[in-house]
Amino acid sequence: MSNDITLVLGATGKTGRRVAARLRLRGTRVRAASRSSRAPFDWSDPSGWDPVLQDVSAVYVVPPSVPGPVHEFAARAEAAGVRRLVLLSGRGADTWGDSPFGLDMRSAEDAVRRSALEWTVLRASNFDQNFDEDLFHAPLVAGELALPAGSVPEPFVDVEDVADVAAAVLAEPGRHGGRTYELTGPRGVTFSGAVELISRASDLPITYRQISSAEYRAALVEAGLSSDDAHHVAEMFVLMERGLLAEPTDDVETVLGRPPRAFEEYVVRAAAAGAWRS
């Protein structure tokens, strides 16, 4: 059998499940892998990597939350005959300096760049969908989002755009090799502004409150995160407040030939689906 399967890691996650669906619509043979899938994949168990890499030509890589494993994975992929790696990473990873945030993503970027395979890195801003599928959702449903974010805007990117870009890159061998795309929405929005838009569109009394990093870490621990994970999340806001990641880019349009979706479009869709109603 020829190596014509595209392996999608994190296939039950925010981007992975969307990327897999898009590739299938394109007629691509997809192997969707996660810890719970028919093709099980666990970053902490390298003994299961080789079976999912069999007959694979390209891999969509959602890195683990710890540095290191992607180096061995890239070597295993090369040995299995894989030709391309497309890595999801974080916006402006090379500007994070000595921050403890994102060591996992920076390690993964180093791994794919050092490999002999054709690679593409997709660095995404905070997802719009963090407000209805992730950490910000429960506080919004409760009526208040409290974060250590002030007046510096964030060019939130719609995960649907990230998935569109990933699917296009995976389906176009040779065109995107050695490229790093910084994926953002069309404009920056402050967190307070984002909450105001959500409140208005959903017709719910939701407010935003700025708190300190220490208060935020304590709230995350109380919500069930480990102290290390809470510190990691809080450090993201420290980076954002530097303003280095506030400007939008045109990389979504570069790949797709159209502008990225506006944050307001996401809010309308999510509000219409009742995302923030208890």
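This is a predicted model: local features need pLDDT of at least 70, side-chain atom pairs count only at pLDDT 80 or more; totals for chains, interfaces and linings use all residues.

Stop 1: Select Phe131, Phe191, Phe237 and Trp276. Of the 39 residues in the largest nonpolar core, these four touch the most other members. Now colour β7 (144-147), α8 (191-202), α9 (213-222), α10 (227-241) and α12 (263-272), the elements that each give two or more residues to this core. The top contributor is α10, with 7 residues. In soluble globular proteins, nonpolar side chains tend to be buried together.

Stay on Phe237. Which residues does phenylalanine 237 contact, leaving aside neighbours within four places in sequence? Show Phe136, Leu147, Pro148, Ala149, Phe191 and Tyr216: Phe237 is in contact with each of them.

**Stop 2: the largest pocket.** Select Lys14, Val62, Pro63, Asp104 and Asp134. Among the 43 residues that line the largest pocket, these lie nearest its centre. The pocket holds about 1500 Å³ of space. Highlight β2 (29-34), β5, α4 and α10, each of which supplies at least two lining residues. By type, the lining divides into 21 nonpolar, 14 polar and 8 charged residues.

**Stop 3: the second largest pocket.** About 300 Å³ of space lies here. Select Pro139, Ala146, Tyr216, Ala219 and Leu220, the closest to the centre of the 15 lining residues. α6 (137-142), β7 and α9 each give two or more residues to the lining. Colour by residue type: 12 are nonpolar, 3 are charged and none is polar. Tyr216 is also one of the contacts of Phe237.

**Stop 4: the cavity.** The structure holds 1 cavity of 30 Å³ or more. Select its lining: Arg84, Leu85, Val86, Glu118, Trp119, Thr120, Val169, Glu172, His176 and Gly177. The elements giving two or more residues are β5 (84-90) and β6 (118-124). The lining divides into 4 nonpolar, 3 polar and 3 charged residues.

Stop 5: Side chains of opposite charge can pair when their charged atoms come close. Start with Glu72 and Arg76, whose closest N and O atoms are 2.9 Å apart. Both lie in helix α3 (69-80), 4 residues apart, about one turn of the helix. Glu72 is partly exposed at 37% relative accessibility, and Arg76 is partly exposed at 22%.

Next, select Asp110 and Arg114, a salt bridge at 2.7 Å, N to O. These two are separated by about one helical turn, because they sit 4 residues apart in helix α4 (103-114). Arg114, at 65%, counts as exposed, because the cut-off is over 50%.

Stop 6: Finish with Arg258 and Asp161, where the closest N and O atoms are 2.7 Å apart. Arg258 lies in the loop between α11 (251-256) and α12, and Asp161 lies in helix α7 (159-171), so the pair ties together parts that are 97 residues apart in sequence. Arg258 is partly exposed at 25%. Asp161 is buried, at 0% relative accessibility. Now widen the selection to Arg17, Arg18, Arg22, Glu133, Glu160, Asp161, Asp164, Arg258 and Arg261: salt bridges that share partners join them into one network.

Technical notes
Residues are numbered from 1 along each chain as its sequence is written. Side-chain values use heavy atoms; hydrogens and water are left out. On a 1 Å grid over the protein atoms alone, a cavity is a set of points where a 1.4 Å probe fits but cannot get out, and a pocket is an open set with protein on both sides within 12 Å along at least five of seven lines; lining residues have an atom within 4 Å of a point. Grid points are joined across faces, edges and corners, and a volume is the space filled by probe spheres set on the points. Ala, Val, Leu, Ile, Met, Phe, Trp, Tyr, Cys and Pro count as nonpolar, Asp, Glu, Lys and Arg as charged, and the others, Gly among them, as polar. A nonpolar core is a set of buried Ala, Val, Leu, Ile, Met, Phe, Trp, Tyr and Cys residues joined through side-chain atoms within 4.5 Å. Buried means under 20% relative accessible area, exposed over 50%, partly exposed in between (1.4 Å probe, protein chains only). Contact means heavy atoms within 4.5 Å. A salt bridge is a side-chain nitrogen of Lys or Arg within 4 Å of a carboxyl oxygen of Asp or Glu.
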